[in-house]
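This report is meant to be read beside the sequence and the coordinates. Please keep both in view while going through the sections.

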Amino acid sequence: MVAGNWKMNGDKALVQQLLGHFKSNIRAENADVVIFAPYPFLYQAEELLSASGIEWGAQNFYIEASGAFTGEVSLGMLKEFGCKYALVGHSERRTLFGETDEMCAAKVKAALGAGVIPVLCVGETLEQRESGVTEDVVGQQVKAVLELVGAEGIGQSVIAYEPVWAIGTGKTATPQQAQDVHAYIRKVVAEQNAEVAEKIQILYGGSVNASTAEELFAMTDIDGGLVGGASLKADDFVTICKAAE
């Protein structure tokens with residue numbers, strides 16, 4: 001799987017240009033391709049990507065179905081626009097907006113209940129990596145979800161490992177560093193269900209770009225990428241998608 005997270009970027013003209021280019025140049029036959037667009041552009045995504053083989057999804061949602069939650073968007077609303085996927089617990093949601101492991105687990109549960117595939121983001125800060133607690137941090141983020149939805153639930157999800165220190169910094173974990181954490185995540189899931197652990201997609205999400213994608217995707221436990229800035233560059237994202245084929 002290759003997923004593009006546009007974050008809070010873009011306008012109608014850029015969305016038209018990017019999605020048109022992707023539709024013409026990405027086959028999406030041997031790898032799942034997903035675009036996580038800002039809410040206002042989900043209508044365009046549905047219009048432009050329907051029948052293309054490329055899926056789309058939302059960067060966030062609220063767990064309640066409806067109610068007095070000004071400014072929030074429900075899973076039901078997202079499904080109105082054909083969203084198949086939704087991000088959960090991106091590091092920016094955790095650090096800037098205070099989302100806890102427990103909140104992220106509740107979101108995974110809500111998404112599964114609504115028939116939307118959650119892409120659970122996990123990862124450590126530079127300070128945590130340098131302190132040698134990467135596995136403790138990432139393990140707890142995964143276990144919080146396992147405790148709530150079990151191996152069966154997480155098996156219907158996607159996991160994205162995104163070292164916080166490599167997001168938007170231009171730094172990238174070496175393929176082996178990324179592989180080590182991916183293998184550990186798979187091990188954590190395997191402790192509950194080995195079959196689920198073997199099948200679950202675990203993406204790498206730390207400044208993946210056109211020059212690093214092929215080597216990263218060649219690693220045993222890396223099943224694709226969650227791409228940030230490079231997904232806003234038409235040719236770069238196409239190159240990354242081709243690396244996953």
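The sections below go from the overall fold to the cysteines and then to a few individual residues.

## Overall architecture

The model described here is predicted, and its protein chain contains 11 helices and 8 strands. The radius of gyration of the protein chain is 17 Å, close to the 18 Å that the globule rule gives for 245 residues, so the chain is as compact as a globular protein of that length. Along its principal axes, the C-alpha trace spans about 45 × 45 × 35 Å.

Of the 245 residues in the protein chain, 51% count as buried. When contacts between residues at least 6 apart in sequence are considered, 71% of them join residues at least 24 apart.

## Surface and charge

The protein chain exposes about 11100 Å², of which carbon and sulfur atoms supply 49%.

## Cysteines

The structure holds 0 disulfides, a disulfide being a covalent bond between the sulfur atoms of two cysteines. For Cys83, the closest cysteine sulfur belongs to Cys121 and lies 15 Å away, which is too far for a bond. For Cys121, in turn, the closest cysteine sulfur is that of Cys104, at 8.6 Å, and this distance is also too far for a bond; the cut-off applied to a pair of cysteine sulfur atoms is 2.5 Å.

Both of the residues from which these distances were taken are shielded by the protein: Cys83 is buried, with a relative accessible area of 6%, and Cys121 counts as buried at 0% relative accessibility.

## Backbone at two loop positions

Most residues other than glycine have a negative phi. Against that background, Lys7 has a phi near 55°, a positive value in a residue other than glycine, and Lys7 is placed in the loop between strand E1 (2–5) and helix H1 (12–25).

Ser207 likewise shows a positive phi, near 55°, and is a residue other than glycine. The loop that holds Ser207 runs between strand E7 (202–204) and helix H10 (213–217).

## A position in helix H8

Ala183 sits in helix H8, which covers residues 175–190. With a relative accessible area of 30%, Ala183 is partly exposed, because that class lies between the limits of 20% for buried and 50% for exposed. Ala183 and Leu146 are separated by 37 residues in sequence, and their C-alpha atoms are 17 Å apart in space.

How values were computed. Residues are numbered from 1 along each chain as its sequence is written. This is a predicted model: local features need pLDDT of at least 70, side-chain atom pairs count only at pLDDT 80 or more; totals for chains, interfaces and linings use all residues. Side-chain values use heavy atoms; hydrogens and water are left out. Helices (H or I, at least four residues) and strands (E, at least two) are DSSP runs, numbered from the N terminus. The radius of gyration is taken over C-alpha atoms; the globule rule is 2.2 Å times the number of residues to the power 0.38. Buried means under 20% relative accessible area, exposed over 50%, partly exposed in between (1.4 Å probe, protein chains only). Contact means heavy atoms within 4.5 Å. Accessible areas come from the Shrake-Rupley method with a 1.4 Å probe; for residues, only the protein chains shown count as cover.
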